[in-house]
Amino acid sequence: MGRQADDEQELQEILDACELDIFEPEVARVFENAIERLFYSDSFRIGNATLPQSRVRSRLRLLDWMILDAAKDKLRSNTGQQVKNSTVYTMATVFNCIAESESDLLVDPYLNSLGGPPGRG
């Protein structure tokens, strides 16, 4: 199997894990486009950091429908900011929601009240 076929298979696995069919068709298309662009970008710039393709792809493997649902909520909650490039904005929102899904668990008050991280206590 060639590199292009490997990439296509990896991208399809990421998209399958996202269960895009549970979203409205137009929302699913927006997410698919953003994920595809993130996947094939040589790098992706977030703030002052430029992440190489390998790091972006590694994060994309963590995507699921719950993270995309959170991204949809964030995108729809934008009522005051004019967005110049909606695709790039969507890409950044999806990418940030991946990291936030992990950090949200880390700072969750209920989970923290259960005794802290595994292996301690």
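Predicted model: local features only at pLDDT ≥ 70, side-chain atom pairs only at ≥ 80, totals over all residues.

Residues are numbered from 1 along each chain as its sequence is written, and side-chain values use heavy atoms, with hydrogens and water left out.

**The whole protein**

The accessible surface comes to about 8,100 Å², and carbon and sulfur atoms own 51% of that. Areas like this come from the Shrake-Rupley method with a 1.4 Å probe; for residues, only the protein chains shown count as cover. Of the 121 residues, 27% count as buried. Buried means under 20% relative accessible area, exposed over 50%, and partly exposed in between (1.4 Å probe, protein chains only). Among contacts between residues at least 6 apart in sequence, 66% join residues at least 24 apart; a contact means heavy atoms within 4.5 Å.

**First stop: H1 and H2**

Select residues 3-18 for helix H1 and 25-40 for helix H2. How do their axes sit? They come within 11 Å and cross at roughly 140°. The axes are lines fitted to C-alpha atoms, for helices over the stretch in contact, and angles run from 0 to 180 degrees between N-to-C directions. H1 passes H2 in a right-handed crossing. In the naming used here, a crossing is left-handed if the near helix is turned anticlockwise from the far one by less than a right angle, and right-handed if clockwise.

Now show side chains where the helices meet. On the H1 side, pick residues including Leu11, Ile14 and Leu15; their partners in H2 include Ile35 and Phe39.

**Second stop: the loop between them**

Click on Glu19, found in the loop between H1 and H2. Its phi is near 50°, a positive value in a residue other than glycine. Glu19 counts as partly exposed because its relative accessibility is 37%.

Move along to Asp21, in the loop between H1 and H2. Is Asp21 buried or exposed? Asp21 counts as exposed, at 70% relative accessibility. Draw a distance from the C-alpha of Asp21 to that of Trp65: the two are 44 residues apart along the chain, with 9.5 Å between these atoms.

Then pick Ile22, placed in the loop between H1 and H2. Ile22 is partly exposed, at 48% relative accessibility.

Side chains of opposite charge can pair when their charged atoms come close. A salt bridge is a side-chain nitrogen of Lys or Arg within 4 Å of a carboxyl oxygen of Asp or Glu. How many does the structure hold? There are five.

Zoom in on Arg57 and Asp7, whose closest N and O atoms are 3.0 Å apart in a salt bridge. Arg57 lies in helix H3 (residues 53-60) and Asp7 in helix H1, so this pair ties together parts 50 residues apart in sequence. Both Arg57 and Asp7 are buried. Bring in Arg3 too: Arg3, Asp7 and Arg57 are linked in a network of salt bridges.

Next, go to helix H4 (residues 65-76), where Asp69 and Lys72 are three residues apart, about one helical turn. Their side chains meet in a salt bridge (3.7 Å, N to O). Asp69 counts as partly exposed at 25% relative accessibility, while Lys72 counts as buried at 15%.

**Last stop: H4 and H5**

Select Glu100 and Lys74, a salt bridge with its closest N and O atoms 3.2 Å apart. Glu100 is in helix H5 (residues 86-106) and Lys74 in helix H4, so you are looking at a link between distant parts of the chain, 26 residues apart.

Finish on Leu75 in helix H4. Leaving out residues up to four places away in sequence, Leu75 touches Phe31, Tyr89, Thr90 and Thr93.

Key. Helix = DSSP H or I, 4+ residues; strand = E, 2+ residues; numbered from the N terminus.
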